[in-house]
Each structure stands twice: as C-alpha cells, then as structure tokens.
Amino acid sequence: ERFQICRNHNCETLMEEAFVSIGSNIDASKNMQAVKSHLSIFDEIRYSSIYTTPAEGFEGEDFLNCVCNFRTAKSPYDLRNLLKRVERDMGRTTSQKGMSSRVIDLDLILYGDLVVHDSELEIPSEDIEKYKFVLEPLAEIAPDKFHPTLKKSYKQLYSSLFDKDKT
C-alpha cells in the first residue's frame with residue numbers, strides 16, 4: 001500500500017523518511033553485512049557506523065548495532081511487515097524475542113513525523129530514549145533531526161541522556 005495525495009485527479013506518491021534500528025549477536029558481522037542486501041530494495045539508504053554493545057538482560061555474545069535511513073512510499077504498517085519478513089528470511093525464529101540472542105533484529109523506530117502507538121506499531125520507538133545502542137547511531141546519522149514528540153534534536157537527546165556516561 002502506498003500513500004498518495006490527489007488534487008484534481010493528479011496523484012503523487014508520498015515518500016516518507018524511515019529510520020530502522022538493526023542489531024545482531026548471532027554471527028553478527030556476517031548478518032550485519034547480509035541485511036544490507038535485503039534492504040538494498042530502498043534507494044539511497046544510509047547506514048550509521050556499527051556499534052558494539054554488551055548483551056543486556058541476559059547472558060550472550062555482544063551485539064552489533066546500527067541505524068539506517070531511507071525514503072519510502074510504503075505505509076509504516078507495510079514497512080514493518082517487510083522488516084519482519086526480512087528477519088524470517090535471515091533465519092530469525094519466534095524464540096528470538098525479548099531479551100535473547102538473535103540472528104537479526106529490525107525495528108522501525110521513526111517514520112517521518114508520524115506518532116502512532118497501537119498493537120502493531122510504536123512510532124517513535126521508546127527505544128530511542130531507553131537504549132544508547134539506538135540513540136547513538138541515530139544521533140550520528142540524523143543529529144539535527146527533531147524527535148516528533150520530545151521536540152529535541154537527536155544530538156541534544158544523546159547529550160542529555162548519555163553524555164553523563166563520560167563523567
């Protein structure tokens with residue numbers, strides 16, 4: 001499904017900027033590279049640096065994490081479904097959820113300035129504020145972009161939430 005706007009029978013497809021958090025701690029280097037071929041369906045996709053993060057809430061290998069962004073005409077629901085299909089195609093099973101090891105984890109964290117919290121979507125993702133491994137790469141590739149509800153740039157959010165780690 002695509003978002004379209006029509007005026008006087010002239011329709012145009014609306015493109016939105018999406019941000020996706022990516023993580024893996026099972027064959028992490030291989031899977032972080034492999035996921036790029038799955039996401040290459042999106043034009044002009046940009047990736048942050050890769051960050052190494054200890055497993056949190058369980059014993060496991062370190063995670064590799066990054067954030068990517070791209071423009072898409074897919075609805076946020078269709079995009080989420082596509083990301084879940086990529087996870088399955090890469091070998092993620094239903095047992096790989098919550099605080100556990102995983103082949104790949106793809107989470108839609110932002111979709112333009114959309115704010116939606118329902119049974120399928122949480123946009124903007126609360127993980128942006130909760131986890132350094134989400135906010136740090138997001139602040140790297142979109143430092144001056146503003147959070148849709150907090151009205152602070154990601155660089156400002158990172159500084160206020162995590163720069164205290166340096167003291």
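In the predicted model, Leu108 is in contact with Ala18, Phe19, Val20, Pro76, Leu79, Leu83, Leu121, Glu122, Ile123 and Ser125, when residues up to four places away in sequence are not counted. Leu108 also belongs to the largest nonpolar core, a set of 25 residues in which Val20, Ile22, Val35, Leu79, Ile104, Leu106 and Leu108 have the most contacts. At least two residues of this core come from each of E3, H1, E6, H2 and E7. A further core of 16 residues lies apart from it, and Phe19, Tyr131, Ala142 and Phe162 are among its members. In soluble globular proteins, nonpolar side chains tend to be buried together.

The chain as a whole contains five helices and nine strands, which follow one another in the order β-β-β-α-β-β-β-α-β-β-β-α-α-α. Of its 167 residues, 43% are buried. Among contacts with a separation of 6 or more, 61% join residues 24 or more positions apart.

Helix H2 spans residues 76–89 and comprises 14 residues; the distance from its first C-alpha to its last is 20 Å, close to the 20 Å expected at 1.5 Å a residue. Buried positions in H2 are Pro76, Leu79, Leu82, Leu83, Lys84, Val86 and Glu87. The elements that cover these buried residues include strand E3 (16–24), helix H1 (28–39), strand E6 (63–72), strand E7 (105–111) and strand E9 (122–123). An α-helix has 3.6 residues a turn, so residues three or four places apart point the same way. After H2 comes Gly91, with a positive phi near 105 degrees.

The largest pocket has a volume of about 710 Å³. Its lining consists of 31 residues, and Arg102, Asp105, Asp107, Ser125 and Asp127 are the closest to its centre. Each of E3, E6, H2, E7, helix H3 (127–130) and helix H4 (132–141) supplies at least two lining residues. The greatest contribution is that of E7, with four residues.

Most residues other than glycine have a negative phi, and most peptide bonds are trans. The peptide bond from Ile123 to Pro124 is cis, with omega near -5 degrees, and Pro124 is located in the loop between E9 and H3. Glu44, although not a glycine, has a positive phi of about 50 degrees. This residue lies in the loop between H1 and strand E4 (46–47); because its relative accessibility is 75%, Glu44 counts as exposed.

The loop between H4 and helix H5 (154–162) holds Pro143, and Lys151 lies in the loop between H4 and H5 as well. Lys151 is a residue other than glycine with a positive phi, near 55 degrees, and is exposed, with a relative accessible area of 58%. Pro143 has a relative accessible area of 26% and is therefore partly exposed. Although Pro143 and Ser153 are 10 residues apart along the chain, their C-alpha atoms are separated by 6.3 Å. Apart from neighbours within four places in sequence, the contacts of Pro143 are with Leu138, Ser153, Tyr154 and Lys155.

Methods:
Residues are numbered from 1 along each chain as its sequence is written. This is a predicted model: local features need pLDDT of at least 70, side-chain atom pairs count only at pLDDT 80 or more; totals for chains, interfaces and linings use all residues. Side-chain values use heavy atoms; hydrogens and water are left out. The expected span of a helix is 1.5 Å times one less than its number of residues. Buried means under 20% relative accessible area, exposed over 50%, partly exposed in between (1.4 Å probe, protein chains only). Contact means heavy atoms within 4.5 Å. A nonpolar core is a set of buried Ala, Val, Leu, Ile, Met, Phe, Trp, Tyr and Cys residues joined through side-chain atoms within 4.5 Å. On a 1 Å grid over the protein atoms alone, a cavity is a set of points where a 1.4 Å probe fits but cannot get out, and a pocket is an open set with protein on both sides within 12 Å along at least five of seven lines; lining residues have an atom within 4 Å of a point. Grid points are joined across faces, edges and corners, and a volume is the space filled by probe spheres set on the points.
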